[in-house]
Amino acid sequence: MNSSNSGNVGIVIVSHSPKIAEGAADMVRQMVGSAVPLAWTGGDIDGGLGTNVAGILEAIETAWSPAGVAVLVDLGGAETNSEMAVEMLPEDRRARVVVCNAPVVEGAVIAATESSGGSPLAAVKRSAEEFYA
Amino acid sequence: MHDAHASRSGETPVPLTASAVLVNKVGLHARPSVKLTQCAKGFSARIELALAADGPWTDAKSPVKVMRVKAPQGATLHFRVTGPDSKAALAAVLALVHDGFGEA
């Protein structure tokens, strides 16, 4: 987990594998830099492959920005658990967190690139989702 | 004199164009694409790039689109820039390409 203070949109990476999540975060830091709040989470509570809502909530908290947070997920449970985590957020924050329909690694790099230029949350999401356009 | 001054204000009616050869080894792959789009986003001008002087043109502020150009080392990158800060924008993107995006 790492973060950075800025008004840019935060990026959260959620993978079933903590190694993938951490590796994707490394790519974001190396390629895009540190102007973007960033956090990652992966694995179930027993340390196996999977995702858990508490971990995702913590990552959203770490990467929190007044401009909002874009969440990049890999498969099935990562998405449903992320959506559950968003629903559990305080109401004033809920509308400022989006789960992107994008590949987790590429989407994280592109979303962070968009965010580093000061783009709003909707533009960050749209840019990440260009991969499936 | 007055006419010349008038055409300088606001949007540049005719786009500024220039080209530069990609010198870095990997060409316009992921990392250079990110650097180029980050640089382009710093300007309000519309910045487009192409592999030929007559296009097709790609929005230089979109990292996904820039990566899809797949420009290799040795390719000539053409830029077309329109907007109030187009001169500075063109100079900045050209400098980045000339520098090989800070890579070897």
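Ser127(A) sits in helix H6 of chain A, which spans residues 121-129. The model described here is predicted. Ser127(A) has a relative accessible area of 3%. Ser127(A) therefore counts as buried, since the cut-off for that class is under 20%. Leaving aside residues up to four places away in sequence, Ser127(A) touches residues of chain A and of chain B.

The contact between the chains was examined next. Chain A contributes 14 residues to the contact, and chain B contributes 13 residues. Together the two chains bury about 1100 Å² between them. Of this area, 56% lies on carbon and sulfur atoms. Three residues stand out on the side of chain A: Met31(A), Thr113(A) and Glu130(A). These residues supply 50% of the area that chain A buries against chain B, more than any other three residues.

Between chain A and chain B, six residue pairs are in polar contact, with both residues at pLDDT 80 or more. Two elements of chain A give two or more residues each to the side that touches chain B. They are helix H1 (18-32) and helix H5 (104-116). H5(A) provides the largest share of that side, with five residues. One salt bridge is found across the interface. Lys41(B) forms a salt bridge with Glu114(A). The closest N and O atoms of this pair are 2.5 Å apart.

Over all chains, the count of aromatic pairs is zero. A charge does sit over a ring within chain A: Arg93(A) lies over the face of Trp64(A). The distance from the ring centre is 4.1 Å.

Chain B contains four helices and four strands. Along the sequence, these elements follow the pattern α-β-α-β-β-α-β-α. Chain B has 104 residues, of which 44% count as buried. Among contacts in chain B with a separation of 6 or more, 72% are between residues 24 or more positions apart.

Methods:
Residues are numbered from 1 along each chain as its sequence is written. Chains are lettered from A and ligands numbered from 1 in the order in which they are written. This is a predicted model: local features need pLDDT of at least 70, side-chain atom pairs count only at pLDDT 80 or more; totals for chains, interfaces and linings use all residues. Side-chain values use heavy atoms; hydrogens and water are left out. Buried means under 20% relative accessible area, exposed over 50%, partly exposed in between (1.4 Å probe, protein chains only). Contact means heavy atoms within 4.5 Å. Rings of Phe, Tyr and Trp (its six-membered ring) pair if their centres lie within 6.5 Å; planes under 30 degrees apart count as stacked, over 60 as edge-to-face and the rest as tilted. A charge sits over a ring if NZ of Lys or CZ of Arg is within 6 Å of the ring centre and within 35 degrees of the ring normal. Buried area is the accessible area (1.4 Å probe) that two parts lose on being put together, summed over both. A salt bridge is a side-chain nitrogen of Lys or Arg within 4 Å of a carboxyl oxygen of Asp or Glu. A polar contact is a pair of N or O atoms within 3.5 Å; within protein, one must be able to donate a hydrogen and the other to accept it, and residues adjacent in sequence count only if both atoms are side-chain atoms.
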